Structure formats: structure tokens, C-alpha cells
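Hello,

Here is the structure I promised to pass on to you. Have a look at it first, and then read on for what turned up.

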Amino acid sequence: MDRMSWWREAKFGMFIHWGVYSVPGRGEWVMFQERIPKGEYRKFADKFNPERYNPEEWVKLAKRAGMKYMVLTTRHHDGFSLFDSKVRDFTAPKSSARRDLVKEYVDACRKYDMRVGFYFSLLDWRYDAYFLGPKKDPEGWNKLVNYMHAQVEELMTNYGKIDILWYDGGWPYTAEDWKSQELNAMVRRLQPDIIINNRSQLPEDFDTPEQYVPGHFPNPNMPERDWESCMTLNDHWGYCKGDNNWKPPQEVIWNLARCASGGGNYLLNVGPKPDGTIPEESIKILEQVGGWIDKNGESIYGTVRTKVGFPHGVTTLKDNKLYIHVFYWNSEFALAPCKINIKKAYFLETGEEINYTVKGERIIFSGLPEKAPDPLDTVIVLEFEGDITALDPFRPFE
Ligand code: GLC
């Protein structure tokens, strides 16, 4: 079976940004942005003692939200690793937490059959060589790269089977600078089934558009590569106390449907507090999203990229079913231009059949309820026979 197939079907994952930066609570870039000296930053590590950390709660929440995999920041740009490391001391087990937080996360995922992903930042702000680069500081650069490789090896060796390796922080250097070819060869030797993203400056398995869903679908220019949009729930990845700009559940659901429509995945972030709990607001949003998925998941999981556009929302496609996600409800509308041999049309949530008429290349729905049956996103299923053909809209019409 194709290594990617479970991931392609999964569609929806949880991203978790958590580390020492959660203590000040001003986002994960705080050290760099405020130019906090290393010694001062270390003091946050002394306060990073997540008493209420219970990753099983995270996994259960991800499940309730309909998410099929999780990706945790095992080490972010500040170089602090949540895992035990023989090569460095700036780690959770060797500071006040005194625990291998990654191990507990992996155990929790396994217990609940959740796919396990590791985020790992290549860069480390605590190294001058990172800023100076391999040309100005070849010796320092080698140290940085060697220690980075060693930590990736630890992650790939010490925690059993890992499903996703989600690199970050390769800029502004090249794959050659990071020795990414060797790095990923080592990773694949240790974890033959692992899926690797494109941020070690090599394309590998999937692309990672950040904070947006690419294109309007159908988008003929979209490359036939696997991709995953990652997105925050407010404006920060890491916990930010003062950020209340939460996305409404509807926006999350529409983004998920848009991703599915374009054949991509949606990796949605939470930023737990320093004590290890996920902010209440995030929980509420995710639970509402999960409520919608409970009823409409069929229109998301296992779908493939569709070529059929829909002006009032998006369509998703699986086997002989086209799912019409109506974002902007109306009691009448048409899907066009397409050729499709429809067998049956019905509301996904209730199974109630819907009347439609086919006129040439238009499928017309009318006499529908005035109010959207599901204000978040009403899904209409078209069961069809044979092929479905999206027609070129750039033609004269009657
Ligand atoms: C960016 C940021 C980082 C965040 C990541 C998530 O690269 O540097 O803070 O972890 O995007 O995609």
C-alpha cells in the first residue's frame, strides 16, 4: 500500500505549538522578536513545569474534533527540546519539567490510535552560527548541523514508529547547507514509512502552504503534489495570552472543505498554556467543528481533488458521490457547467431527497428551504453513474 494513503484520507490534523515560549505567553517567536538574551530566556525554562500536562486530553480533544493525526513541536526555533537528548541540556527532562514530554505525547497517541507527528526546527537561535551562516562561520555551522542531525536521529530512534516528520526553519539556507539529503536518508532508513514535509529545503512528500488555502478550486495550475495547509486558530502558533482573535467554527469548517476540495489536508493549530492545558476557547471551537464533522465527515475523509467548481461554496468528491458544500445558502441555485449522470440527490445530514432539474450543462435546485438547514455548511450529495465531467466555462452560452 502507498505510504501516503492514510494521510491522504485523513484530511484533518492537529498542530501543537508548545514549549518554553508558552511561559511568557507572547507567541513562539518572542525570544527573537524581543531579542531576549539566552541567559534570560533560560529562566523561562525554569518556570516551564507543566503540572497539568496530560496529552491523553489533547488526543481525546483531537478525536472529538474529527482530527486523524497530530504534530507536536518537539523543538522550536529557541532550541528547547521537549524530548530527552544526549547531545544537549536545554531540554524538558533536564529543566524544571523533569519529564520527557514527547514520550508522554507519543504514548497517548498510541493508546488512542492516533497518528503521531513530530515538528522539528532545523534552526536554533541560540547559535550565532545560525545568523552568520556556513560561509562566515563554517566551524560553528558544522556544530549546529551536527547537533541538529543528532537530535533528529534521537527522535527517529527513541520513540518507536513515527508517522510524520514536519520540519521547519530551513530558511535562508539551502538543503546542501543543512545536509538535508543525508538527514532524510537517515530518517527514511530508521522510519521507512514516515511522511516528510518540504521544509528541509527538499520537496520530499508534501507541500506546506502556511496560513492560507491555495487557490480557488478547481485550479488547473495547482501542482499534482500532496499538500497540507497549516493554520492558527487565532493569530499565534504558540500560546499568546492577549490574542482573542479566534476563528469562528464556520471559518474552520469552510477551510477544511476548501482543502478537501483541492485534494489537500488541513493542519489546525492549538497553543497550549505553560501548564499543559489547551485554552478553553480553542476547545470550544474544536468541539463545534467536531459536531459538524460527526454528521458530515463522509464529505471530507477520503475525498479526492475535484474539478467541479461551485460558485456558492465548494464541491468534494469520493467514488460516485459529489458533495456540494453550500456556504452561501439560497432556496435556489445551480451547479454548472458540468456533465453528470445523476442517480439521486439528498441532504447528507438527514438523507432527505432533493428535487433537481438538469438543463443542458446546468443542474438546477429550487424550492429548497429558505434557511440553511445547517448554518455552518449544508452538504448536498449527488450520487452519479459513470464519469463526471467539468466543462470549460470559457465558451459562449445561450
Ligand atoms: C513558521 C514560523 C513558526 C511556525 C511555523 C508553522 O515557519 O516560524 O513559528 O512554527 O511557521 O508553520
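This is a predicted model: local features need pLDDT of at least 70, side-chain atom pairs count only at pLDDT 80 or more; totals for chains, interfaces and linings use all residues.

Helix 6 meets helix 7 through Ala129, Tyr130, Gly133, Pro134, Lys135 and Lys136, which touch Pro138, Gly140, Trp141 and Leu144 on the helix 7 side. Sorted by class, that contact holds six nonpolar, two polar and two charged residues.

Helix 4 covers residues 55-64 and helix 5 covers residues 101-111; their axes come within 8 Å and cross at roughly 45°. On the helix 4 side the contact is made by Pro55, Glu56 and Val59, and on the helix 5 side by Glu104, Tyr105, Ala108, Cys109 and Lys111. By class, this contact of helix 4 with helix 5 has five nonpolar and three charged residues, with no polar ones.

Leu101, Val102, Tyr105, Val106, Ala108 and Cys109 are its buried residues. Viewed down the axis of helix 5, they fall within an arc of 160°, so they line one face of the helix. What do the buried residues of helix 5 pack against? Their partners are strand 1 (12-16), helix 4, strand 2 (69-75), strand 3 (115-121) and helix 7 (138-158).

Leu123 sits in the loop between strand 3 and helix 6. Is Leu123 buried or exposed? Its relative accessibility is 0%, so Leu123 counts as buried. Leaving aside residues up to four places away in sequence, Leu123 touches Arg75, His76, His77, Tyr130, Asp168, Gly169, Trp171 and Trp178. One of these, Tyr130, also belongs to the helix 6 side of the contact with helix 7. As for Asn198, 75 residues separate it from Leu123 in sequence, and the C-alpha to C-alpha distance between the two is 15 Å.

Phe32 is found in helix 2 (residues 30-33). With a relative accessibility of 33%, Phe32 counts as partly exposed. Beyond residues up to four places away in sequence, Phe32 touches Trp125 and Phe131. Phe32 and Trp125 are 93 residues apart in sequence, yet their C-alpha atoms are 7.4 Å apart in space.

Phe347 belongs to strand 12 (residues 338-347). Its relative accessible area is 7%, and a residue under 20% is called buried, so Phe347 is buried. Setting aside residues up to four places away in sequence, Phe347 touches Trp329, Glu352, Ile354, Leu368, Pro369, Pro373, Thr378, Val379 and Ile380. Between Phe347 and Met186 there are 49 Å from C-alpha to C-alpha, with a separation of 161 residues in sequence.

Finally, here are some backbone details to check before you set anything up.

- Trp171 and Pro172 are joined by a cis peptide bond, with omega about -5°. Pro172 is in the loop between strand 4 (164-168) and helix 8 (175-178). Trp171 is also one of the residues that Leu123 touches.
- The peptide bond from Ala336 to Pro337 is cis as well, with omega near -10°. Pro337 is in the loop between strand 11 (333-335) and strand 12.
- Lys179 is not a glycine, but its phi is positive, at about 55°. Lys179 is placed in the loop between helix 8 and helix 9 (180-190), and at 29% relative accessibility it counts as partly exposed.
- Gln211, not a glycine either, has a positive phi of about 65°. Gln211 is in the loop between strand 6 (206-207) and strand 7 (226-231), and its relative accessible area of 35% makes it partly exposed.

Conventions
Residues are numbered from 1 along each chain as its sequence is written. Side-chain values use heavy atoms; hydrogens and water are left out. Axes are lines fitted to C-alpha atoms, for helices over the stretch in contact, and angles run from 0 to 180 degrees between N-to-C directions. Helices (H or I, at least four residues) and strands (E, at least two) are DSSP runs, numbered from the N terminus. Contact means heavy atoms within 4.5 Å. Ala, Val, Leu, Ile, Met, Phe, Trp, Tyr, Cys and Pro count as nonpolar, Asp, Glu, Lys and Arg as charged, and the others, Gly among them, as polar. Buried means under 20% relative accessible area, exposed over 50%, partly exposed in between (1.4 Å probe, protein chains only). The arc is that of the directions from the helix axis to the C-beta atoms.
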